[in-house]
Amino acid sequence: MTADICVIVPTIRNPECIRSYVRNARDHDFDTDRLEFVLVTEDFCDTDAMESLFTELDITGHVFDGTAREAWFEEHDVSAFSHLVPEASHAQTSFGLLYMWSKEFPYGVFIDDDTLPHDEVDFFGTHMENLAHEGIVEHVSSDEQWVNVLYQAADEHGLYPRGYPYAAMDESVETTAEQSDHVVASQGLWTDVPDLDAVRILMDGDLQGQAQTRTERSHFGEDFVAAPGNYLTVCSMNLAFRREVIPAFYQLPMDDNPWDVGRFDDIWSGVFLKRACDLLGTTIYNGDPLCVHEKAPRSTFSDLTNEVHGLELNEHVWELVDDARPTHLPERDAEQPGPTGYAAAFEAMGESLASGDFEDWENGAFLNHCGEYMLDWLDCLDELRPNTITATDRSPAAADD
């Protein structure tokens, strides 16, 4: 069977995490031949040891350090776009998206190397079932247009995830049961160390970059979606998605930029994706499969240094894209929208950021920078796969024979 799921793992510390995910798949009879692993790493890491993992585990995989990524760009005649993948940044997951796009994998999964699957849950199988979901699911909205993905036990733990705007806190939440048929992304949430920003970690009394307050399985209820017109934080540590969203899912040039803005790659890409989904009538599904987040101790102040340069921008970037209006989108109908629709939505957002005047905000010019890179992202995808922007009709729940 040909692999149809590209598993993208950014790692410099613990590539061994893939052992647990492969074991989970086999324990739940999920066909590991469907999986192709892409480890995105650095030149100073032991790539030979990473390669040997694939042989030992009898799985398909590739390792891309900085040198290998440079060679890949040259091989595919897209070296002019190598700047899209920042150096020494978690946002290097964008390289995995380019690899996935070039190979035409219908499905992708992001996994962070400080996570583990819960043994009792079929990790990959649950993500694929979520992507195939057609039916009733809880729709969550708030009077602030933001949904806290930890809302189900917020009265108990009081947590807001990394990237949630401070101005949108203390929201009033409403839930309804609604039909959702077009799921394009499945966000699994996390137990143990919650995904918080540095300010909230400090407020929680933790100087080691983790949190004193931890999440447990009991803090999560039924799966849910953020209702149309509402935004949510999207964390890439445990996330499955369809290929067609890649044009609207660029992870942005974080860390490696003159403004030293970092840590908002998956947050802002999630905002852009949610806007595109609302325009196209598609859905981001949240809840299971949970993962165990074993974030290693590190200085909270180091994280704060990386985040502070973008904190004010984070309060406003969602408002900017909420006003972005594509000149043309495919008609909404019973079919799953293809990449063309996501590209059109992303282009409108990119043009809005590239041409905007944001000088009143701290490091506002970084948004212009992001907008220019977003437009370059679309050009790069066109170079890799010209005239092949079509939706897949393969079912995620079971591969073709």
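The buried residues of helix α5 are Phe123, Phe124, Gly125, Thr126, His127, Met128, Asn130 and Leu131, where buried means under 20% relative accessible area, exposed over 50%, and partly exposed in between (1.4 Å probe, protein chains only). Helices (H or I, at least four residues) and strands (E, at least two) are DSSP runs, numbered from the N terminus. This is a predicted model, in which local features need pLDDT of at least 70 and side-chain atom pairs count only at pLDDT 80 or more, while totals for chains, interfaces and linings use all residues. Residues are numbered from 1 along each chain as its sequence is written, and side-chain values use heavy atoms, with hydrogens and water left out.

Helix α5 covers residues 123-131, and eight of its nine residues are buried. At the start of α5, a side-chain oxygen of Asp122 comes to within 3.0 Å of the backbone nitrogen of Gly125. Phe124, one of the buried residues of this helix, touches Val7, Tyr21, Ala25, Phe30, Leu35, Val109 and Ile111, not counting residues up to four places away in sequence; contact means heavy atoms within 4.5 Å.

The largest nonpolar core has 125 residues, and Phe124 is listed with Ile18, Phe241, Trp268, Phe272 and Trp377 as touching the most other members. Such a core is a set of buried Ala, Val, Leu, Ile, Met, Phe, Trp, Tyr and Cys residues joined through side-chain atoms within 4.5 Å. Helix α13 (residues 365-384) supplies the largest share of this core, ten residues.

Thr115 lies in strand β5 (residues 115-117) and is buried, with a relative accessible area of 1%. The side chains of Thr115 and Tyr21 are joined by a polar contact of 2.6 Å. A polar contact is a pair of N or O atoms within 3.5 Å; within protein, one must be able to donate a hydrogen and the other to accept it, and residues adjacent in sequence count only if both atoms are side-chain atoms. The side chain of Thr115 also reaches the backbone oxygen of Asp112 at 2.7 Å. Among the residues that Thr115 touches are Met237, Cys291 and His293.

Met237, Cys291 and His293 are also among the residues touched by Trp190, which lies in strand β9 (residues 183-192). Trp190 counts as buried because its relative accessibility is 0%. Leu150 is another residue that Trp190 touches; the C-alpha atoms of these two residues, 40 residues apart along the chain, are separated by 9.7 Å.

A further region is the pairing of two helices. Two packed helices are described by the angle between their axes and the distance between the axes. Helix α3 (residues 66-75) and helix α4 (residues 93-103) pack at an angle of about 40°, with their axes 12 Å apart. Here axes are lines fitted to C-alpha atoms, for helices over the stretch in contact, and angles run from 0 to 180 degrees between N-to-C directions. Arg69, Trp72 and Phe73 of α3 meet Phe95, Leu98, Tyr99 and Ser102 of α4. Helix α4 is mostly covered, with ten of its eleven residues buried.

Leu202, in helix α7 (residues 198-203), counts as partly exposed because its relative accessibility is 26%. Leu202 touches Leu207, Thr300, Phe301 and Leu304, not counting residues up to four places away in sequence.
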